[in-house]
Amino acid sequence: MNISILGSTGSIGTQTLDVVREHPEFKVTSLSCGRNIKLLEEQIREFQPAFVSVSDEKDALDLRSRIRDTKTKVYSGMEGLIAVAEDPDSELLVTGIVGMLGIRPTIAAIKAGKKIALANKETLVTAGHLIMPLAKKCNVPILPVDSEHSAIFQSLQGNAENKIHRIYLTASGGPFRTKSIEEMKNAKLEDVLKNPNWDMGAKVTIDSAGMINKGLEVMEAGWLFNVKREDILVLVHPESILHSAVEYEDGAVMGQMGVPDMRLPIQYALTYPRRISLSGDRLDLFRLQNLSFFEPDLKKFRGLSLAYRAMDRGGNIPTVFNAANEKAVSLLLEGKIRFVEIPDLIERAMDEIAFISNPSLDQILDTEKAARESVNR
Ligand code: MG
């Protein structure tokens with residue numbers, strides 16, 4: 001199968017290429033990345049895509065001269081992202097790009113009839129009301145790549161006729177799970193960037209530390225599986241072995257377990273409904289012995305309760321939540337704010353920005369801008 005990847009130099013992109021490398025049945029036809037053109041050049045030489053896209057036209061010029069000896073073409077900007085999304089030679093698009101930049105290319109790919117291996121949460125969080133009906137209309141599957149959503153999706157197989165009673169969405173709890181609110185207040189950026197179990201990009205790792213990532217995932221699950229917020233229970237599970245579960249009406253709980261390795265959900269999205277071999281560690285339940293589960297502390301993780309509020313209000317408020325968080329995280333990475341200020345900034349933006357019940361794509365993008373400006377003051 002031919003595939004395209006948005007965000008090929010990021011955490012999801014590089015792990016997707018690890019899966020491709022392992023299985024000759026996959027071929028990469030196009031790639032996009034932000035600014036890491038050094039790594040993109042290596043990927044071009046190894047996977048020989050027909051074309052690639054980078055954010056910046058200057059980087060595109062530089063890359064064109066570096067890869068003169070290859071046949072790969074180089075595009076840039078949103079046009080380039082959309083070209084990758086619509087790549088006529090590709091059957092499936094992996095959306096491993098971070099942020100709301102992913103919305104337009106995802107829409108373009110759905111319209112072009114590509115299967116979507118969805119790793120970009122922002123697309124459903126902010127535009128789920130546009131994306132899900134469009135995918136249905138175009139008869140395109142949205143295959144979740146996020147480990148929790150993949151686990152739910154895997155637990156749903158063979159149960160098309162059965163109603164979901166509840167979803168258990170698991171969370172590692174991040175580096176502050178056992179720390180006091182006081183300790184969290186004094187946390188330095190390097191403490192925030194330590195995730196105990198998962199290897200992820202900086203943005204997702206920071207989101208995980210404050211459980212804001214889990215809030216986004218609850219919203220994402222609501223769209224993917226058509227389940228109400230009250231029926232999605234966040235389950236703190238520090239070992240990250242149960243990757244999420246579905247409870248059916250008869251009380252049966254079906255979950256997916258495995259070692260924490262993103263390549264599995266990525267590969268399942270690529271091979272669905274088949275399963276094929278995958279290298280790496282296997283789960284050893286004898287060695288593991290104990291699994292533990294806790295309720296999340298909503299006082300400590302205020303970002304999660306704000307996410308619930310955003311989901312309950314709906315409309316453009318999840319966009320406000322997401323965009324305000326994105327801006328706050330970039331300010332944290334620049335050293336301009338402290339980690340614990342992130343929920344305050346999100347809350348202020350949620351209170352300030354006017355509610356729109358059924359926002360168009362343009363209104364979503366306007367809301368994004370307004371939320372970022374609110375945080376930047
Ligand atoms: Mg996840």
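This is a predicted model: local features need pLDDT of at least 70, side-chain atom pairs count only at pLDDT 80 or more; totals for chains, interfaces and linings use all residues.
Reader: What's the strand order in the open sheet, and what kind of pairing is it?

Author: The order is S9-S8-S10-S11, four strands with mixed pairing.

Reader: Which strands stand at the edges?

Author: Strand S9 (232-236) and strand S11 (253-257). Each has a single partner strand, so one side of each is left without a neighbour in the sheet.

Reader: And how are neighbouring strands turned against each other?

Author: By 20° on average, with direction ignored.

Reader: Ok, S8 and S10: how many bridges join them, and do they run parallel or antiparallel?

Author: Strand S8 (residues 164-171) and strand S10 (residues 242-248) run antiparallel and are joined by 4 bridges. On S8, Tyr 168 stands opposite Ala 245 in S10.

Reader: Which strands does H7 lie across?

Author: Helix H7 (residues 147-156) lies across S8, S10 and S11, and runs at about 40° to S10.

Reader: Switching to helix packing, how do H7 and H11 cross?

Author: Their axes come within 10 Å and cross at roughly 30°, with H11 covering residues 212-225. Angles under 35 degrees count as roughly parallel, so H7 is roughly parallel to H11. The crossing is right-handed.

Reader: Which residues meet there?

Author: From H7 you have Glu 148, His 149, Ile 152, Phe 153 and Leu 156. On the H11 side they meet Lys 214, Glu 217, Glu 220, Ala 221, Leu 224 and Phe 225.

Reader: How do the residues of that contact divide into nonpolar, polar and charged?

Author: The contact of H7 with H11 has 6 nonpolar, 1 polar and 4 charged residues.

Reader: New topic, H12. How many of its residues are buried?

Author: Helix H12 (residues 263-271) is mostly covered, with 8 of its 9 residues buried. Among the buried ones are Arg 263, Gln 267 and Tyr 268.

Reader: What covers the buried residues of H12?

Author: The cover includes H7 again, along with strand S1 (2-6), helix H1 (11-22), strand S5 (92-95), strand S6 (115-118) and strand S7 (142-144).

Reader: And H10, how many buried there?

Author: In helix H10 (residues 202-209), 6 of 8 residues are buried. They are Lys 203, Thr 205, Ile 206, Asp 207, Ser 208 and Ala 209. The cover includes H11, plus helix H6 (121-137), helix H9 (189-192), helix H15 (317-333) and helix H16 (342-352).

Reader: What's the phi of Met 211?

Author: Met 211 follows H10, and its phi is positive, near 60°.

Conventions
Residues are numbered from 1 along each chain as its sequence is written. Side-chain values use heavy atoms; hydrogens and water are left out. Two strands pair if DSSP finds at least two bridges between them. Helices (H or I, at least four residues) and strands (E, at least two) are DSSP runs, numbered from the N terminus. Axes are lines fitted to C-alpha atoms, for helices over the stretch in contact, and angles run from 0 to 180 degrees between N-to-C directions. Contact means heavy atoms within 4.5 Å. Angles under 35 degrees count as roughly parallel, over 145 as roughly antiparallel, 65 to 115 as roughly perpendicular and the rest as oblique. A crossing is left-handed if the near helix is turned anticlockwise from the far one by less than a right angle, and right-handed if clockwise. Ala, Val, Leu, Ile, Met, Phe, Trp, Tyr, Cys and Pro count as nonpolar, Asp, Glu, Lys and Arg as charged, and the others, Gly among them, as polar. Buried means under 20% relative accessible area, exposed over 50%, partly exposed in between (1.4 Å probe, protein chains only).
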